Every structure is written in structure tokens, then in C-alpha cells.
Amino acid sequence: HMDYGARAAAYVDAFMETVADRFTSRRTLRELPTYWSMSDFAARQDEAGRDWVIEPFLERGERMLIVAGVGTGKSVVMRQMAYAASAGINPFLLSEMKPVRSLVVDLENPDGVVIRSLARLDRVARRSPMFDPERGAIWHQPAGINLRTPAGFDQLEAVIADHAPALVCLGPLYKLFRKAPRETDEDAALDVTARLDDLRVRHGFVLVLEHHAPHGQELRPFGSSVWQRWPEFGPALTLPSDAKDGDRSRLLWGVWRG
């Protein structure tokens, strides 16, 4: 009986501490968060215009998730986007645009593949009168990183903060994090998207990611349904029906979302 009473008292004490902590945390708010009337918030569109990074396709802060089968050429497309945008060439229209700082985060491909790919792009980009070799950067981690650890998150943020890109092309997605034992795909994906959104909002860049499609003909992100709900834009890359084996020189740009 005494043991039960002692445990009950300890439980009450712990409960009161929890209530006190929550009450104290609410009272430590030093200033009211900024919020708007809906009319005033809508009026900001006319005041500031649209903050294009790649006009008229991607505004600052938006998210694009490119999906394709294994070995189709997702990482090549992302390097092309980043190199072109940093050289003042619209990667979708091939017309002149205001150059932007870009960052490629390659988490998979070996050194030789990346070097040869970038060398080809560099020769083309240097033809642009607006080319600046300091405007585009690459962080190459072929073993991948774990964004869910303090070290992985801090490393990625340090590179982003130092280079200050308007466009970040990152992937592949599965090399960006590790799933804990017995953790669901959904929980892991929710955690990763929260961390990516934190970086994207605080540093103000367009985020372009690459991810594998499931085996077969279905073109959607592999794994958790979170990836299907999360981005504004979801391109799907496929090979033309008349492509010969090994030919990746031409891809069809479809859409799985947006």
C-alpha cells in the first residue's frame, strides 16, 4: 500500500512539473508573432512582384522533385539546370536570364563521372558573356550525408550559408538521410521534409531534388506518400520510345505532379 502511494505521489509530482513547464514556456513569448489580414497579405503581390529565380517557372522558395527510373539522367539534368542558371541562360527556354548563384549537392556519383560532366558543361557555359566561375558551386559527397543528424544538417547548412545560392540542386533523395530501426517511411519522410523546409525558408532558395521512381512503369516518387504531397512541381523524365540502348542524349519531360 505504501509503495503504491509513493508511486502515485511521484506521478502527480511529474505531472505538475510538466504542466508548469508548458505554462512557463507559453509565458516566455517575448513578442507577438507577425500575422496579416488576408487582404494585406494578398496586396504584397502587387508591391513586390514575383520573386523569380528562373522566370517564369520557379520562384524563390519553391520545391521541385524530379522523378525518373534508375540511370535515366536525373543528375545530369540537375547539373545542366544549375550551370545554365549560373551562366545567365534559362535552362528551360535557352534564352538570356539574370544569372543566379547555384549549388549542386551530389550525393552519389563518383569523382570521374561528375568531373567529366561538369567539364562538358563548363565549356558551353563559358560562351555566355555573363559567365562567372564563382557563381556556381558543387558540394560532392558520394557516400551521402544524414540530414537527420546534427553533423549532417550543420554541414549542409554551412555550405548553403557560405555560398548563398538562389538555386540548390540536390540528390539523390535516398542518400540524404537514414531511417531508424522500426521507423516508418512516413515518419522518416516527415522529418526530412521539415529539415529541408527549414533550410529553404531561412536561406530563401529554390530547391530541386532528384528521386527514383519505383520499378516498373509507374512514374511517382519511390517510398513514402509524403514525397508525393510535398513539392509544388513534379517533373517525370522518360526515354523516348525510339531511343537506342544506352542513349541518354534525349529525354521526355513529363509531369507526375503540378
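Biologist: Which helix gives the most to the lining of the second largest pocket?

Modeller: Helix 6 gives the most to that lining, with three residues. This is a predicted model, in which local features need pLDDT of at least 70 and side-chain atom pairs count only at pLDDT 80 or more, while totals for chains, interfaces and linings use all residues. Residues are numbered from 1 along each chain as its sequence is written, and side-chain values use heavy atoms, with hydrogens and water left out.

Biologist: What makes the pair of W36 and F41 edge-to-face?

Modeller: Rings of Phe, Tyr and Trp (its six-membered ring) pair if their centres lie within 6.5 Å, and planes under 30 degrees apart count as stacked, over 60 as edge-to-face and the rest as tilted. The centres of W36 and F41 are 5.7 Å apart and their planes stand at 75 degrees, so the pair is edge-to-face.

Biologist: Why is the pair of F57 and F92 called tilted?

Modeller: The ring centres of F57 and F92 are 4.8 Å apart with the planes at 50 degrees, so this pair is tilted. It links distant parts of the chain, with F57 in the loop between strand 1 (52-54) and strand 2 (58-59) and F92 in the loop between helix 3 (74-86) and strand 4 (102-106), 35 residues apart; helices (H or I, at least four residues) and strands (E, at least two) are DSSP runs, numbered from the N terminus. F57, F92 and W253 form one aromatic cluster.

Biologist: Why does F92 count as partly exposed?

Modeller: Buried means under 20% relative accessible area, exposed over 50%, and partly exposed in between (1.4 Å probe, protein chains only). F92 has a relative accessible area of 27%, and is therefore partly exposed; F57, at 32%, is also partly exposed.

Biologist: How many nonpolar, polar and charged residues are in the lining of the largest pocket?

Modeller: That lining has 15 nonpolar, four polar and two charged residues, where Ala, Val, Leu, Ile, Met, Phe, Trp, Tyr, Cys and Pro count as nonpolar, Asp, Glu, Lys and Arg as charged, and the others, Gly among them, as polar. Helix 3 gives the most to the lining of the largest pocket, with six residues.

Biologist: What is the division by class in the lining of the second largest pocket?

Modeller: The lining of the second largest pocket divides into 13 nonpolar, 10 polar and three charged residues.
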